[in-house]
Amino acid sequence: MRFSPAGDPGTPDARSATRYLVWLAGRHPVIFGAGLALGVIWMLAQALVPAVLGRAVEAGLAQRDPDALVRWSLALLGLGLVQAVAGILRHRCAVHNWLGAAYRTVQVTVDATNRLGAALPRRVAAGEVVSIGTADIEHIGGAIDITARGVGSVVGIVTVAVILLNASQPLGLVVVLGVPLLMALVALLIRPLHRQQAAYRDSTGRLTARAADIVSGLRVLRGVGGEPVLSERYRQRSQALRADGLRVARVESLLQAAQILVPGVFVVLVTWLGARFALRGEISAGELVSFYGYTAFLVSPLRNLTEAADKLTRGHVAARRVVRLLRLAPEFTDPATPVPVPAGPGELADARSGLVLRPGRLTALATATPQDATEIADRLGRYADGDVTLHGVPLRDVALATVRERILVADNDAQLFSGVLRTELDPHDRAEPGAVAAALAAASATDIVEALPGGLDGEVAERGREFSGGQRQRLRLARALVADPETLILVEPTSAVDAHTEARIAERLGPARHGRTTLVCTTSPLVLGHADHVVFVEDGKVVAEGRHEELLAAEPRYAATVSREEDR
């Protein structure tokens with residue numbers, strides 16, 4: 001069975017957390033089935049121990065038969081060996097099932113985030129994804145792990161009930177009627193626990209998202225004096241999470257107490273009844289020993305059942321979060337019948353704005369408002385819907401993989417990942433020899449590599465936090481140049497660098513992209529002056545185009561936009 005993305009026939013709906021857990025269990029049917037079988041054997045071996053012990057007392061000690069005592073002692077030893085071997089193998093299967101469910105969840109979560117692509121930050125908070133990959137996988141793995149012990153416990157209880165019914169109907173009825181009654185009492189705690197755990201899980205996701213926002217924007221917060229305000233809001237959220245956690249803990253404490261109380265009630269009740277029957281001569285001494293052994297044995301399966309109720313509840317809550325993520329559909333999908341695009345450079349045109357990118361040219365896009373540039377770049381890269389054509393073919397009719405291969409949009413929201421810098425700049429390891437060095441030179445980033453211990457083989461920390469904002473921007477530009485796409489769209493690639501560095505980048509960018517189509521969204525006069533062609537957009541429409549000097553002289557609105565950049 002394949003757990004399919006949203007839109008496929010196998011797609012789960014909002015109530016399919018149980019189905020997701022079943023799907024996880026079915027991913028490794030042999031190991032999962034072996035775990036269930038071993039759990040049953042392991043628990044049955046324990047359940048039969050009191051019966052064998054009772055027979056040893058009855059036949060061997062009470063009747064003073066050494067041969068019978070040896071036989072039943074050997075039988076007891078055999079049960080012990082079976083229990084030990086089955087227990088070890090069951091635990092190995094349980095660990096395999098736990099890890100398989102947990103990390104399969106990580107895989108499907110990563111697949112879902114990749115499928116959502118650029119839409120992910122708009123649809124799911126970063127803290128939500130982090131919580132799935134940390135807390136939720138533990139609960140999901142625990143839900144799969146507990147099934148073997150849970151099934152074995154049910155079989156063990158049924159076995160004991162049958163044995164007691166055959167030996168003494170009153171004692172058998174105590175088990176047959178008492179176990180469902182006591183488990184029903186435990187089930188009364190499950191619904192509030194389920195509700196409180198769901199609320200706690202939501203609060204955890206919100207707090208994690210807020211923490212990620214604060215950490216990523218800490219420098220800005222300190223600069224504008226907003227750190228105390230955000231700190232107080234985080235403290236309030238943290239206290240709300242603490243209150244939710246306390247409510248969960250109250251219910252869990254009752255459930256933990258039930259794990260002690262329920263088996264204790266059985267031990268006391270069955271032992272008391274068995275002692276009375278023995279005093280009246282209705283059962284033998286050996287049977288009394290067996291009955292006490294059964295009550296002591298019931299402690300384990302009853303605790304396993306209450307633990308199973310707790311872990312399955314937690315797993316169900318976590319699975320709902322995963323399913324909610326898996327059900328999110330990407331904004332754009334491949335057309336039913338993708339249309340091929342002619343090979344080689346071609347015109348890329350946006351009908352809404354009137355922008356047309358001529359192949360092989362460095363075009364600069366200046367806009368009166370930055371939002372216009374972002375929207376045009378998103379449409380050209382097929383990150384937003386629009387009437388955009390490449391070689392005259394509408395992009396909405398082209399396979400997304402083809403669009404991503406031929407058109408690259410590089411903006412300042414892109415991140416640097418941890419790892420070796422060379423791999424960061426050339427993740428597919430497809431660049432020709434010298435291409436990385438050439439890209440670094442064009443992005444004026446050679447000095448960054450030289451200052452990094454290990455150079456290109458040096459390690460980059462998470463989000464490239466050891467670099468300044470301008471250094472990260474130059475490395476992102478170098479990465480885009482190394483990719484060498486047919487069409488490269490750069491959104492404000494020099495907004496965080498100083499004027500001297502910007503001048504070097506503006507001078508080198510054209511030669512670095514010679515023969516390729518490049519669009520630079522910027523209002524920097526240094527970059528505009530080196531462009532082959534400049535397009536000015538106002539209110540989302542192209543109102544003028546030409547060389548930078550021509551537009552400065554002929555278009556007052558363009559001159560006003562660029563002069564503001566110069567004033568800065």
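This is a predicted model: local features need pLDDT of at least 70, side-chain atom pairs count only at pLDDT 80 or more; totals for chains, interfaces and linings use all residues.
Biologist: In which order do the strands of the 6-stranded open sheet lie?

Modeller: Strands of a sheet pair through backbone hydrogen bonds, either parallel or antiparallel. Helices (H or I, at least four residues) and strands (E, at least two) are DSSP runs numbered from the N terminus, and two strands pair if DSSP finds at least two bridges between them. Here the order is β6-β9-β10-β3-β11-β12, with mixed pairing. The edge strands, pairing on one side only, are β6 (407-410) and β12 (541-546). Neighbouring strands are turned by 20° against each other on average, direction ignored; axes are lines fitted to C-alpha atoms, for helices over the stretch in contact, and angles run from 0 to 180 degrees between N-to-C directions.

Biologist: Which pairings does β11 make with β3 and β12?

Modeller: β3 (residues 362-367) and β11 (residues 533-538) pair in the parallel sense over 5 bridges; Thr367 has Val537 as its bridge partner in β11. With β12, β11 pairs in the antiparallel sense over 5 bridges, and Val534 has Gly546 as its partner in β12. The hairpin of β11 and β12 has 2 residues between the strands, and Asp539 there takes a positive phi near 55°.

Biologist: Why is one side of β2 and of β5 left without a neighbour in the other sheet?

Modeller: That open sheet has 4 strands in the order β2-β1-β4-β5, with antiparallel pairing. β2 (355-357) and β5 (393-394) stand at its edges with a single partner strand each, so one side of each has no neighbour in the sheet. Further in, β1 (residues 348-350) and β4 (residues 388-390) are joined by 3 antiparallel bridges, with Ala349 partnered by Thr389.

Biologist: Which strands does helix α10 touch?

Modeller: Contact means heavy atoms within 4.5 Å. Helix α10 (residues 370-380) touches β3, β6, β9 (487-491), β10 (517-521) and β11, its direction making about 135° with that of β3. α10 also lies across β1, β2 and β4, at about 130° to β1.

Biologist: How does the span of helix α3 compare with the expected value?

Modeller: The expected span is 1.5 Å times one less than the number of residues. α3 has 51 residues and reaches 74 Å from its first C-alpha to its last, close to the expected 75 Å. Just after α3, Gly117 takes a positive phi of about 60°.

Biologist: How many salt bridges does the structure hold?

Modeller: A salt bridge is a side-chain nitrogen of Lys or Arg within 4 Å of a carboxyl oxygen of Asp or Glu. The structure holds 15. One of them joins Glu307 and Arg149, with the closest N and O atoms 3.2 Å apart; Glu307 lies in α9 (residues 285-326) and Arg149 in α5 (residues 126-167), 158 residues apart.

Methods. Residues are numbered from 1 along each chain as its sequence is written. Side-chain values use heavy atoms; hydrogens and water are left out.
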